Amino acid sequence: MQAIRIHPSQSPSTPYSPTNPAPSTALHIDKIPIPKPPPGHLLIRTKASTIIRDMLTWPEYYHQENTIPGHDFSGIVVDPNDSSFSAGAEVFGMAHANRASTWAEYAVVKSAETARKPAISFEEAAALPLSAQTAYEALFVHGGLGLPARFARERVDKAEEDEQRQERKQRVLVTGAAGGVGLFVVQLASWAGVHVVAASGSVERNGEFLRGLGADEIVEYGNDVGNFDLVVDCVGGGVLERCWEVLKDGGVLVSVDSASFDFVEVHRSRGIAREGVKALFFIVEGSAEVLGIIGDLVDRGILKSFVAASFPFERVQEAYDYANGRYEGRGKVVLTI
Ligand SMILES: NC(=O)c1ccc[n+]([C@@H]2O[C@H](COP(=O)([O-])OP(=O)(O)OC[C@H]3O[C@@H](n4cnc5c(N)ncnc54)[C@H](OP(=O)(O)O)[C@@H]3O)[C@@H](O)[C@H]2O)c1
């Protein structure tokens, strides 16, 4: 099969690492054997995966040579060495952060990280798992928001219910709201019936888009935004530093920004952190159950997937550079395989 792998540095004295990340020109298509799925795993014919900004800086990619990158996948089950799916099933999911592998014609994935693909294209389905599950976990696992009681409800029913309980709505601030993760945080928080304030670098650029996702208010960084029960930060840096100030006592501050993995300790040591606020960074876990909920919400028209651009496998170097620039489109950069 064909697979994209990170080739080692040409200079043995400066091997690639998170601090000396492989450039896009280190990504090559190689011919390698099709892997065999152990029990509890599926062999899938991959149809699409995604490129994530800065993924070639991730430490897991340098634990061995010739890593095949890629976590998101959509595709067709070829060899189900497990009873959860049959051959031919159209699926989507996310190979765990420690097991990249999906930039390849075939990939072995766990059935516990796979679900039935919603009725959208393979490209749109591949754009969901990593970002939408990160958003889901930020809100409902770490952020303490309650899930709507019945997933089966239509949006219109929920809107009526929301009106009745307007007075006691929780307030959630999302930074980087128009980005890959943020656009799912906004949609899922809106589905949960909370008051959603979406923050971005430009209301002019992102305002209409964010309102369409269900944001109640759209603000730019530095605006006076009131106070919040929960802040989900997708930006880090100075934006994250200022989030402490806008939390209510007993509020929760969750950052998913990769560079902010140690922000709680760093902010404590600099005297920025506030007592009485629960703060944390986490790495997305993902599960078949959450994927099932996400797929269901997509099929019901409650959650929308966004593909900013789609590149064929052969153009991976160009695609990686594109994903790392400031591109115009909304959502994920997808590789089709
Ligand atoms: N912890 C986890 O498990 C996990 C999972 C997924 C992602 N992540 C991390 O979460 C963070 C957000 O991911 P994402 O996919 O939402 O990112 P993204 O879409 O690339 O960017 C988020 C926001 O940053 C701004 N932005 C876009 N391009 C930029 C550029 N070239 N330079 C500076 N700012 C730019 C945009 O906001 P404006 O338009 O408003 O300026 C955008 O909405 C990243 O650090 C990612 O690695 C972590």
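Predicted model: local features only at pLDDT ≥ 70, side-chain atom pairs only at ≥ 80, totals over all residues.
The protein chain is divided into two parts: domain 1 comprises residues 2–128 + 305–336, and domain 2 comprises residues 133–281. Their C-alpha centres lie 28 Å apart. Where the domains meet, 6 residues of domain 1 are in contact with 5 residues of domain 2. On the side of domain 1 that touches domain 2, there are 2 nonpolar, 1 polar and 3 charged residues.

The ligand is surrounded by 22 residues, and the closest are Gly179, Gly180, Ser200, Gly201 and Val284. Both domain 1 and domain 2 give residues to this shell, so the ligand lies between them. Helix α2 (residues 129–142) contributes the most to the shell, with 3 residues.

Helix α2 also packs against helix α8 (residues 288–299), at an angle of about 100° and with 10 Å between the axes. The two helices are therefore roughly perpendicular. In this packing, Pro129, Ala132, Gln133 and Tyr136 of α2 meet Val290, Leu291 and Ile294 of α8.

| Region | Nonpolar | Polar | Charged |
|---|---|---|---|
| Contact of α2 with α8 | 6 residues | 1 residue | no residues |

Note on methods: Residues numbered from 1 in each chain as written. Near = placed C-beta within 6 Å. Helix = DSSP H or I, 4+ residues; strand = E, 2+ residues; numbered from the N terminus. Domains from an automatic or database assignment. Contact = placed C-beta atoms within 7 Å. Nonpolar A, V, L, I, M, F, W, Y, C, P; charged D, E, K, R; others polar. Axes fitted to C-alpha atoms, helices over the stretch in contact; angles between N-to-C directions. Parallel < 35°, antiparallel > 145°, perpendicular 65-115°, else oblique.
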